[in-house]
Amino acid sequence: MAKIAIYPGTFDPITNGHLDIIERACKLFDGLIIAVAKSSGKNPLFSLEERVKMVHLALMESQNIALKIDVYPFENLIAEFAKEKNAKILVRGLRAVSDFEYELQMGYANASLNKELETIYLMPSLQNAFISSTVVRSILAHKGEIAHLVPKSVKEYVISLGLE
């Protein structure tokens, strides 16, 4: 039986840090689902369609992804989405100790909603440990350079939207 994992997130926008986690997860599983959350409560900068598009662009650009990856938008609970996709594993990234408490609580909450769901935590490589979508959005708001934080195709897409 193939081990399929889900990497959920808002990906507003997808960053090199996200891509780092995706590449690491690809080494561990037979398949990976990138689940792009609607997350209207977070007031994302980019629309759900734009965020899904940026994930696709980033995946096409990566040379280190060798397995089948599917990308889906979702707006229900990730525990329910995992049941729908017959996935038993969630992948989450941890950049710093400050991420751990929140992620631990979410992992327990998801497990209470879906008893078959396990959460694993991966750390990005050191060069990507400080990158977050929040940092990228802040730099964009101040017309700063994001080329070192996002895949080239994502930067080009952001420029095409007139946001840089």
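These are my notebook entries on a predicted model.

**Ground rules.** I'm working with a predicted model, where local features need pLDDT of at least 70, side-chain atom pairs count only at pLDDT 80 or more, and totals for chains, interfaces and linings use all residues. Residues are numbered from 1 along each chain as its sequence is written, and side-chain values use heavy atoms, with hydrogens and water left out.

**The sheet.** I looked up the strands first. Helices (H or I, at least four residues) and strands (E, at least two) are DSSP runs, numbered from the N terminus. I found an open sheet of 5 strands with parallel pairing, in the order S3-S2-S1-S4-S5. Two strands pair if DSSP finds at least two bridges between them. At the edges sit S3 (68-74) and S5 (118-122), each pairing on one side only. From one strand to the next, the twist averages 30 degrees. (Axes are lines fitted to C-alpha atoms, for helices over the stretch in contact, and angles run from 0 to 180 degrees between N-to-C directions.) I then checked S2 (residues 31-37), which pairs with S3 in the parallel sense over 7 bridges. Val36 has Pro73 in S3 as its bridge partner.

**Helix H1.** I noted that H1 (residues 16-26) lies across S1 (4-9), S2, S3, S4 (89-93) and S5, and runs at about 150 degrees to S2. Cys26 lies in this helix, H1. Is Cys26 buried or exposed? Its relative accessibility is 10%, so Cys26 counts as buried (buried is under 20% relative accessible area, exposed over 50%, partly exposed in between, with a 1.4 Å probe and protein chains only). I also looked at Cys26 and Ala5: they're 21 residues apart in sequence and 9.2 Å apart in space, C-alpha to C-alpha.

**Rings.** I got 3 aromatic pairs. Rings of Phe, Tyr and Trp (its six-membered ring) pair if their centres lie within 6.5 Å; planes under 30 degrees apart count as stacked, over 60 as edge-to-face and the rest as tilted. The ring centres of Tyr7 and Phe11 are 5.4 Å apart with planes at 80 degrees, so that pair is edge-to-face. Tyr7 and Phe11 are both buried. Tyr72, Phe74 and Phe81 make up one aromatic cluster. Over the ring of Tyr72 sits the charged end of Lys85, 3.8 Å from the ring centre (the rule is NZ of Lys or CZ of Arg within 6 Å of the centre and within 35 degrees of the ring normal).

**H2 and H6.** Last, I looked up H2 (residues 48-61) and H6 (residues 152-160), which pack at about 145 degrees with axes 8 Å apart. Contact (heavy atoms within 4.5 Å) involves residues including Met54 and Leu57 of H2 and Tyr157 of H6.
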